[in-house]
Amino acid sequence: MKNTIMDKERLGAFIDAVIAIVMTILVLELEKPQEYSLAGLWELRASFFAYALSFFWLGAMWVNLHFSFHQVEKISQKTVWATIIMLFLSSFFPYTTKLIAADFSNSTMQAFYGIVVLLITFSVQYYYRTLYEINPKMFESYNIRRQTWARYDIGLKVLGLLLSISIFPPASSVAVLITLTCLVIPNQLK
């Protein structure tokens with residue numbers, strides 16, 4: 001009996017398509033300036049920041065998924081469902097991005113954004129675990145290295161969420177920016 005339920009390229013194409021759609025929706029959610037001038041664009045700086053942050057965070061997630069998928073030989077039913085969960089949660093990103101763009105200093109919206117980011121992060125971790133279960137030799141060194149920096153990544157995001165709820169509303173976005181620029185992208189470039 002075969003352990004795989006579908007060809008890995010088909011799952012990879014599905015991931016690519018959904019992430020591309022989510023990233024496209026992000027830009028469609030940007031507001032038009034009230035005044036077509038530099039001042040009008042400047043008023044939308046929080047929207048542009050939220051858009052750029054979310055776009056590059058999703059882009060970094062896609063880069064990680066794409067890189068690791070080259071090492072995959074087999075996928076399981078668990079992997080397919082982990083993918084569905086990960087993409088479902090990712091589809092909330094345009095909505096949460098629009099909410100923080102509308103009121104960047106709103107602790108409730110920042111907390112919601114932070115929760116969605118953490119849920120996506122945890123779903124990505126589960127996705128990798130399902131791949132490791134069915135491809136253990138291929139992912140040994142990658143999994144150990146990933147677990148090391150993933151702890152810092154999750155810790156910073158949790159800290160950002162707690163700070164957003166308590167004393168500094170934009171902390172969730174700042175935590176995503178820090179993890180993206182100091183952990184995720186540098187580890188991808190190694």
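Modeller: Welcome! A pocket here is an open set of grid points with protein on both sides within 12 Å along at least five of seven lines. Keep in mind that this is a predicted model.

Colleague: Thanks! How much space lies in the largest pocket?
Modeller: Its lining includes W62, L65 and F69. The space in this largest pocket comes to about 190 Å³.

Colleague: Which helix supplies the largest share of the lining of that pocket?
Modeller: Two helices, α1 and α3, each give at least two residues to the lining. Among the lining residues are K8, E9, G12 and H66. The largest share, six residues, comes from α1.

Colleague: By class, how many residues of the lining are nonpolar?
Modeller: Let's take the classes in turn. The lining of the largest pocket has three charged and three polar residues, and its nonpolar residues number five.

Colleague: Now the inside: which residues of the largest nonpolar core touch the most other members?
Modeller: This core has 39 residues. Leaving out residues up to four places away in sequence, F93 touches V22, W57 and V116, among others. The members that touch the most others are L65, F93, I120 and Y127.

Colleague: Last one: is T130 buried or exposed?
Modeller: T130 sits in helix α6. Beyond its neighbours within four places in sequence, T130 contacts S76, K78, T79 and A82. Buried means under 20% relative accessible area. Because its relative accessibility is 0%, T130 counts as buried.

Definitions and conventions: Residues are numbered from 1 along each chain as its sequence is written. This is a predicted model: local features need pLDDT of at least 70, side-chain atom pairs count only at pLDDT 80 or more; totals for chains, interfaces and linings use all residues. Side-chain values use heavy atoms; hydrogens and water are left out. A nonpolar core is a set of buried Ala, Val, Leu, Ile, Met, Phe, Trp, Tyr and Cys residues joined through side-chain atoms within 4.5 Å. Buried means under 20% relative accessible area, exposed over 50%, partly exposed in between (1.4 Å probe, protein chains only). Contact means heavy atoms within 4.5 Å. On a 1 Å grid over the protein atoms alone, a cavity is a set of points where a 1.4 Å probe fits but cannot get out, and a pocket is an open set with protein on both sides within 12 Å along at least five of seven lines; lining residues have an atom within 4 Å of a point. Grid points are joined across faces, edges and corners, and a volume is the space filled by probe spheres set on the points. Helices (H or I, at least four residues) and strands (E, at least two) are DSSP runs, numbered from the N terminus. Ala, Val, Leu, Ile, Met, Phe, Trp, Tyr, Cys and Pro count as nonpolar, Asp, Glu, Lys and Arg as charged, and the others, Gly among them, as polar.
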